Amino acid sequence: MPTPRPLGAIVLAAGLGTRMRSDRAKVLHQLGGRPLVRYPLDALAPLAPARVALVVGHQADTVRAAAADAELADIRMVLQAEQRGTGHAVACAATAFADFTGDVLILYGDVPRIRPDTLRALVDAHRADDADLTLATICFAVPTGYGRIIRGADGGVTRIVEERDATAAERTVTEANPGLYCVRSEVLFPLLGELRPDNAQGELYLTDLIALAARAGRRVRALRMDRIDEFAGINTRGELARMEASLKAEVTGHWMEEGVTFEDPATAYVGPEVVIGRDTVIGPNVVLRGRTRIGAGCRLDGTAYLVDATVGDRVHVRFATVIEGAEIGADAVIGPFARLRPGTRLAERVHLGNFVETKQAVLGAGTKANHLTYLGDCEVGPDTNVGAGTITCNYDGFAKHRTRIGERVQIGSDTQLVAPVSVGDDAYVGAGTTVTRDVAAGALVVSRVPQRTVPGWVARRRAQAAAAQSAPPAKPGPVTKPVRKRAAVKRRARRRS
Ligand code: UD1
Ligand code: MG
């Protein structure tokens, strides 16, 4: 069998996307938590093209950065400094393909749902027919906005006419151009030089390549596609929102098939890279983004926001919890109203309750911090109890310092741990303590102000207040009076000591 010709690809992503009415380049708008430009690149990856050119223009650096970690062997950034149309954009990639001979797939950066299988089908049809140019076509019930496919008497495609340039009769054609082509490189680049901006937009249309190839006697083939959703282009915010909704429904549908319960699928947001274990129950208003992994048998009560979170099996995430870049061991209970920030690592059976915040905090198995606590830059051993209102004071205005707390430690309520500091295993920290020096294992540490009791103080105070109210209004006293009073108190104190 002869070795197949090399496969290359060009992805067009230079346009601003005027119809988005945005300061941000269209391909940077997010779909499913990822910029649009990532979608065609990720669809190409399984085909392992030998070379890919990404044509960038508007906000080129940001688009480049968004594409940087695509899993493509040889991706070259090509600048289209001035957006003179889709044909001009492809021509800008010519130098990146100067030493390349093979079949070149051309994709638009604003058609994000294309699947690798569809790209493969187009390449296979192109090669099987030994075609010079193969284009995908699709029949939309309402093809508004798309170029229309014009066929000749023999049924072959002779040209594409853009909607703006089409006659009324041509606009009734429902077979449209989804914007996916496979072209022999030897045919593609020379023909691009013949494009002319003789159209409503004064641009060099890539779509005119079809007529040029057909007229030059090249083998032009069309492959009719049937999955309409796959070829929807994003040109407006409305289209973006509709695609987001359909993508979301598809993703939650997939996880339901895998055994996940959504109490209200319409309000669950699950990103494309998220993984959820079976028998997990997701309540309303739950957002799962990035590379979040949820184990089996978990329960997320509702109103939760998880990004890049790793959650073990049977974890209960209670109402209104935010988890970012954190790992949670099996059987943990988190929230309500907890916030786990990056670098948090919880072993199994940890409990974090309401208004508890953690950051770069490593907590051992069975440790609990159930109320109003900040644990930052710290390690806490297993089976330790952190009382309400505990704060690791990790920042001295210059640098962050770590707190180390051992196993089976009891941290009393309203404790401040001024880092760097450590508390040994089995130690007790009395409520209200400010820990500024290391505490030995098994020790009790208390830094409380001694309690003072004044018997009958309230009754005397009330009597004074009542007397002041019934007395005639006092003449304004000398301004120095309060000072004299304080001096008298001080004198009395001195006499007592
Ligand atoms: C294009 C097609 C139309 C097709 C539709 C499918 C042309 C002339 N028309 O129209 O037939 O039905 O897509 O979605 O090709 N771009 C550049 N540089 C430019 C212009 C555009 O890189 O100078 C990029 C854009 O960033 C975008 C893509 O090309 O990702 C398509 O451009 P867009 O303006 O959206 O074309 P459509 O009007 O949708
Ligand atoms: Mg478009």
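Predicted model: local features only at pLDDT ≥ 70, side-chain atom pairs only at ≥ 80, totals over all residues.
Local features here need pLDDT of at least 70 and side-chain atom pairs pLDDT 80 or more, while totals for chains, interfaces and linings use all residues. Residues are numbered from 1 along each chain as its sequence is written, chains are lettered from A and ligands numbered from 1 in the order in which they are written, and side-chain values use heavy atoms, without hydrogens and water.

**First stop**

Select Arg 19, Lys 26, Thr 86, Asp 110 and Asn 235, which lie nearest the centre of the largest pocket. A pocket is an open set of points on a 1 Å grid over the protein atoms alone, where a 1.4 Å probe fits, with protein on both sides within 12 Å along at least five of seven lines; lining residues have an atom within 4 Å of a point. The space here is about 1,100 Å³, a volume being that filled by probe spheres set on grid points joined across faces, edges and corners. Of the 38 lining residues, 13 are nonpolar, 18 polar and seven charged. Nonpolar means Ala, Val, Leu, Ile, Met, Phe, Trp, Tyr, Cys and Pro; charged means Asp, Glu, Lys and Arg; the others, Gly among them, are polar.

Next, display strand 1 (7-13) and helix 3 (86-92), each supplying at least two lining residues. Helices (H or I, at least four residues) and strands (E, at least two) are DSSP runs, numbered from the N terminus.

**Second stop**

Move to Arg 34, Tyr 39, Arg 113, Arg 115 and Glu 250, nearest the centre of the second largest pocket. Its volume is about 610 Å³. Then select helix 8, which gives five residues, the largest share of this lining. Finally, colour domain 1 (7-231) and domain 2 (237-445): both contribute to the lining, so the second largest pocket lies between them. The domain bounds come from an automatic or database assignment.
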